[in-house]
Structures are given as C-alpha cells and as structure tokens.
Amino acid sequence: MTYKRFFEDAVARLKDERRYRVFADLERSVGRFPRAAWHGPEGVRDVVIWCSNDYLGMGHHPDVIEAMAGCARRMGTGAGGTRNISGTSHPVVELERELADLHGKEAALVFTSGYVSNQTGISTLARLIPDCLILSDALNHNSMIEGVRQSGCAKQVFRHNDLEHLEQLLKAAGAERNKLIVFESVYSMDGDTSPIAAICDLADRYRAMTYIDEVHAVGMYGPRGGGIAERDGVMHRLDIVEGTLGKAFGVMGGYIAGDAVVIDAVRSHAAGFIFTTALPPAIASAAAVSIRHLKASDRERDAQQRQAARTKRVLALAGLPVMASETHIVPVLVGDAEKCKAASDRLLRQHGIYIQPINYPTVPRGTERLRITPGPAHTDAMIDDLAASLIETWLALDLPLKPWADAAE
C-alpha cells in the first residue's frame, strides 16, 4: 500500500476544483514598501503589493526595526522556552502591559499568533464556564470556529450581524444558561463592521459574556488604535478583546485582554499557551514600540483611510465591481474561482501588481474576489495604475464591468 497516493489525490482534488493555492516568492525591502521583488519563473521583477495585512506599513517603521534589532543584540534571538520554563522575558511582560492599557483592561495575555489566541482563548474560556452555550456569528474567522469546536460546548450560529436572530437564540437559551457571544468587529472579506453596542445590549439583557475579535481593526481605528470598540466608545462593555500583532502593528503574535482573573484563568488552563514556546523578546519589544507609536500617532491611520477611500472611488468610477465596504478593505467581485485566479495571475505577470485571489472556502462559492488593502504608502499614482491594470485585466478575461452611470452612484 502506498500512502503517498492519498496525499496526491488530496492535492489533485484542490486543483480540479480550482482551489489550489500558489505562493508568490516576495522579497520586501525596507524603505520601498509597498514595492517588493518578486522571484518568479522568469527571474526577479519589481511589483507593487496590494493585499498586505501590514496595513499601516509598521513592519518597515525605523523605530520598530531598531527595537527588534537592538533587543536581539542584547537578549538573543529565541525565547528560551515556554512561559513557564524561562520564556517569560521582560519585553513580553511589558508588551502585555501595553496591550492591557490599549484596551482599558486589567490584564492581557500574549500568544504566538492571532489564530492561536482565538483557537485557544475561546476554547479555554468556554470550557471554564459551566454548561456554556456559545453563540457565534456566521461569518466568524476559521480560528474562532475552531476555538468553538474545540471547546466541546454547545453552540448556535446566528445569521451575520442579525440582532433579531441573536436575540431569539439568547431568549431560547433561558436566563440561567451561561452564554458566550463570539463575534468580530471588522469582517475581513467584506469589510463590514458589527453592531457592537447593540450586541452588548443583548448580552446585558440576557446575561451573556462577550468576546470580540478586533484583529482587522487594532491600530487602525479609535483615537489610540484600540479598534472599532474604542472608536465607538464601547470598549468597557466588552468582556474579552482579542487582537493580533501581525497586521497593523507589523510584527507577529496574538493576544486577549480582559479582567485579571479571567486572563489568569486562561493563562493557567490553556494548553495552547502552556505548552508552546513564548514569543522571542525581540519580537515582543518591536510590538510594544509599534503599539506605543500608534497610540500617539494618527498620521498612519489618517493616510490609510484617505487612500482606501480614494481607491474605492477610483475603482468604482472606472466601472469595476467594487463591493460595499465601510472599512479599509476594498473587495472587488469576480464571482468565479478560475477567473479570479486568472485575474490575479495576469495582474502579477502583465502589470507587476500582486493581489491574491480569495476563493472558497475563505468566501462562499460565487463570491470569489480580489481583496485589496490600500495603505499609507500607496500613492495616488499607484491607485491610478491599479485601476488601469484592473480594467485591462477585466477586458482581457471578459469579466463584467458596470456602466459608468451605475458606478458613479
């Protein structure tokens, strides 16, 4: 029996369904972002990245770079172990203080990634709550879905941002049932936001705990970059705030923040925290510097919002099918997996523009799209070139454009 065949078949199925992912070999250079070198089949070529989650370019900020390099020179590269075994470095402790302060909470706990902080945080919290019912938004990220699943608790999924449906489920659960509502502030594929205050109202009315994922909002919204909850003045109403260090803050890692006793309970029971190596001190130091900078600076946030708005306007006026989005995320609908991949390939090879295709299972079939994330470093000229390149690609692939009058509305 040849086990290798099973894996060949698994990969072949993805290719048959046009869902096989091909990675672009990119080399970013400090001072040139969003430009990068693409190591492609025909050699090295200069490209512009339009789909990075380093939303504010903080991964290239000189203070963040120096914090990482300086700490590595002083303390070395690795963490030295788990948090229980020599991995609790002083920079990690300082980072957790910065995060707790960012969200106005008593304590924070850092994980190795945003995925792990959701997967481990949700599953641990729910297991520690007797007879817990988890109510999860239908469009929650896979990391949240896995956290719910691994908790082993009962769950119910409410229709996306549907307050009436959520209330029906809360009411049916009964006042005495312990309940945890898990949802996101910014949904990264559509760019819409959740009605946080209204969800908190329901949580108060039906005695539920709240857990919000702010990974696509921290650093970018609110007067200090605390996220949509800070922007809307409702941060104090949320029990647990989860975020990432790998997007707007430009480094890597994830975290949760909340009441000290809740964070301590997760710290003491979460296998995904206890049994994994800690973040290296250099990464923690860089993340803390990035957070401090964005607490005090609106320049990056303002520039991002300005360029995101301009991108939406220019693409829409060009007749491209820009999906409605109230945030910095600019989705352009393709609606076909094979053509979405072909559009991404053509943009890269013909125009030097890198945008990854977003296909099933990340989004439902029939809603395949290009997900564009303009940032402060994208110039007006880059936006105009993006629009022209997309138009050429749409025409070459016979993709539908909107009439100008409809696009201008």
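Predicted model: local features only at pLDDT ≥ 70, side-chain atom pairs only at ≥ 80, totals over all residues.
**View 1. Helices α7 and α8.** The axes of helix α7 (residues 163–173) and helix α8 (residues 196–205) come within 11 Å and cross at roughly 15°, where axes are lines fitted to C-alpha atoms over the stretch in contact and angles run from 0 to 180 degrees between N-to-C directions. Helices (H or I, at least four residues) and strands (E, at least two) are DSSP runs, numbered from the N terminus. Angles under 35 degrees count as roughly parallel, over 145 as roughly antiparallel, 65 to 115 as roughly perpendicular and the rest as oblique. On the α7 side, Leu163, Leu166, Glu167 and Leu170 meet Ala198, Ile199, Leu202 and Arg205 of α8, contact meaning heavy atoms within 4.5 Å. Sorted by class, this contact of α7 with α8 has 6 nonpolar, no polar and 2 charged residues; Ala, Val, Leu, Ile, Met, Phe, Trp, Tyr, Cys and Pro count as nonpolar, Asp, Glu, Lys and Arg as charged, and the others, Gly among them, as polar.

**View 2. Helices α4 and α12.** Helix α4 (residues 90–102) packs with helix α12 (residues 281–296) at an angle of about 25°, and their axes are 8 Å apart. That angle makes α4 roughly parallel to α12. The residues that make the contact include Pro91, Val92 and Leu95 of α4 and Ala284, Ala288 and Ile291 of α12. By class, the contact of α4 with α12 has 10 nonpolar, 1 polar and 5 charged residues.

**View 3. The loops on either side of α12.** Thr277, in the loop between α11 (271–274) and α12, is partly exposed, with a relative accessible area of 44%; buried means under 20%, exposed over 50%, and partly exposed in between (1.4 Å probe, protein chains only). Not counting residues up to four places away in sequence, Thr277 touches Ala79, Gly81, Thr82 and Thr112. Ser297, in the loop between α12 and α13 (299–317), is buried, with a relative accessible area of 11%.

**View 4. Ile355 between two strands.** Ile355 is found in the loop between β14 (353–354) and β15 (357–358), and at 0% relative accessibility this residue counts as buried. Among the residues that Ile355 touches, leaving aside those up to four places away in sequence, are Trp50, Cys51, Leu370 and Leu386. Ile355 and Asp345 are 10 residues apart in sequence, and their C-alpha atoms are 8.7 Å apart in space.

**View 5. Backbone details in loops.** A cis peptide bond, with omega about 15°, joins Phe33 and Pro34, and Pro34 has its place in the loop between β1 (26–28) and β2 (35–40). Another cis peptide bond joins Tyr360 and Pro361, with omega about 10°. Although Arg207 is not a glycine, its phi is positive, at about 55°, and Arg207 lies in the loop between α8 and β10 (208–213). Asp398, also not a glycine, has a positive phi of about 60° and counts as exposed at 62% relative accessibility.

Notes: Residues numbered from 1 in each chain as written. Heavy atoms only, no water.
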